[in-house]
Amino acid sequence: MLRKNHGYKSQSKLRGVIPSAVRDNSTCALNFIPTCRDSFSASLIKFESHNKNLPSRISRLQQKFPAYKIDGLIFFNMSNIRYLSGFTGSEGVLLINSGKTNLLVDGRYTVQAGLEATDIQIIEYGDKIEGIIQAIKKLKLKRIGFEANSITVEMYNQLTNRIQHEVFVDLADELKLIRACKDETEITLMKKAAEISSSAILSVIGQIKPGCTEKELALQLEFNARKHGADGLAFEAIVAAGENSALPHAQPTDRKIKKGDFVVIDFGVKYRGYCSDETCTIAFGKLTDKQKNAYQIVKDAHDRALAMIKGNVQAADIDRCARSVFGKKYGRYFVHGTGHGVGLEVHEAPRLASNSADILMPQMVVTVEPGLYIPGLWGIRIEDTVLVKKNSCEKFTKMDKELIIIE
């Protein structure tokens, strides 16, 4: 019997405009593709309304060029490229100078890029390295900022060996927070993603019975989420029972659920590109007093950390607050940070950890997820995703985190 009940309602609001592009089929390394708008192509692709914010996102970066001492920025991280251009493909390069933005793609993505990345010059390349080099030379860039954590050593060496008079400036630290503060449309999409994943978790909890396996529950989670509108999973679902729940990133197995188990369900979906992330720990059958006490410790750590979240708070202070609840007896069993940012990626800045220098700001979306893992026995994790506000936070995830016992 399930001791908790939950309700949900939709909050999704989307509208869009549809561009189109013309492809140049010539064989040179760089083909500049003109973009245009087409009134009847609305049936082809639907865009989220956050595209209206793309120019201001790029403008904010361009305004920082003097401080960074650069005349251009190159992006390889596909989430950053999507955030700045609207392009949702899996391969490409974004090159920004003080007055223009260029999206470099290969022939697989030329039409898609023209449809998605409006008011941006689309450049088709035959060879990626050659295409980047030619674009840099055409724009006459000399000092180019880049994300060192998003490029391989091999690609970096290929570029720097070919471009002798230009300088690449590592701005990974300066750029890590560019997506951290969400706009209203991003918030709406993330609320919808959280609603879908919470609904899927609730439906699966009601199906837990003796003999069902972790894999079966994980499969049902994904099915339920997609049925309710998810575009995909934010990460591989974690369903871990008994001793497997002591593994923070366990993979679902054929282990069957048994009486006395803790069952950890860590689940998230993608909706219009944006991720959700939520963890519930369910009790199946009667628990020992030690298990009940441990759950309450994790719950207290979770609640105290949530109560601290607001603008202008050090992320490390949130982690210290949660960790202090565990004390000497259980402190060594809390083996990861307290939380992380969520957005186009399920793990992004800021980090809520003891060694984090990040400061929480309004409009950031972060998780709070303390956990306790006793090897060979059981584990507990409780996680919510919240929006940071000026003086408080707003919870996106819907599941009640009081102990749920299925009898």
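The following legends describe close-up views of a predicted model.

**View 1. The largest pocket and its lining.**
The largest pocket holds about 400 Å³ of space. Its lining consists of 21 residues, and those nearest the centre of the pocket are H249, D266, H340, H347 and E369. Two elements, β17 (339–341) and β18 (348–352), each give two or more residues to this lining. Sorted by class, the lining residues of the largest pocket are 8 nonpolar, 7 polar and 6 charged.

In soluble globular proteins, nonpolar side chains tend to be buried together. The largest nonpolar core of this model has 67 residues, and the members that touch the most others are L73, F75, I96, L103, L221, I265 and F267. Helix α8 (residues 184–205) supplies the largest share of this core, 11 residues.

**View 2. The surroundings of L103.**
Leaving aside residues up to four places away in sequence, L103 is in contact with I81, S85, F87, V93, L94, A113, A117, I120, Q121, I122 and I123. L103 is also one of the residues that touch the most other members of the largest nonpolar core.

**View 3. Strand β20 and its partner β23.**
Strand β20 spans residues 365–368; V365 and T367 point one way, while V366 and V368 point the other way, and all are buried. Strand β23 (residues 384–388) runs antiparallel to β20 and is joined to β20 by 4 bridges.

**View 4. A218 in helix α9.**
A218 belongs to helix α9, which covers residues 214–227. Its relative accessibility is 12%, and therefore A218 counts as buried, the cut-off being under 20%. Beyond residues up to four places away in sequence, A218 touches A237, V239 and P252. The C-alpha atoms of A218 and Q251 lie 9.5 Å apart in space, although 33 residues separate the two in sequence.

**View 5. A three-stranded open sheet.**
This open sheet is formed by 3 strands in the order β10-β13-β14, with antiparallel pairing. At the edges stand β10 (232–233) and β14 (274–275); each has a single partner strand, so one side of each is left without a neighbour in the sheet. Between β10 and strand β13 (residues 269–271) there are 2 bridges, and L233 stands opposite V269 in β13.

Notes. Residues are numbered from 1 along each chain as its sequence is written. This is a predicted model: local features need pLDDT of at least 70, side-chain atom pairs count only at pLDDT 80 or more; totals for chains, interfaces and linings use all residues. Side-chain values use heavy atoms; hydrogens and water are left out. On a 1 Å grid over the protein atoms alone, a cavity is a set of points where a 1.4 Å probe fits but cannot get out, and a pocket is an open set with protein on both sides within 12 Å along at least five of seven lines; lining residues have an atom within 4 Å of a point. Grid points are joined across faces, edges and corners, and a volume is the space filled by probe spheres set on the points. Ala, Val, Leu, Ile, Met, Phe, Trp, Tyr, Cys and Pro count as nonpolar, Asp, Glu, Lys and Arg as charged, and the others, Gly among them, as polar. A nonpolar core is a set of buried Ala, Val, Leu, Ile, Met, Phe, Trp, Tyr and Cys residues joined through side-chain atoms within 4.5 Å. Buried means under 20% relative accessible area, exposed over 50%, partly exposed in between (1.4 Å probe, protein chains only). Contact means heavy atoms within 4.5 Å. Two strands pair if DSSP finds at least two bridges between them.
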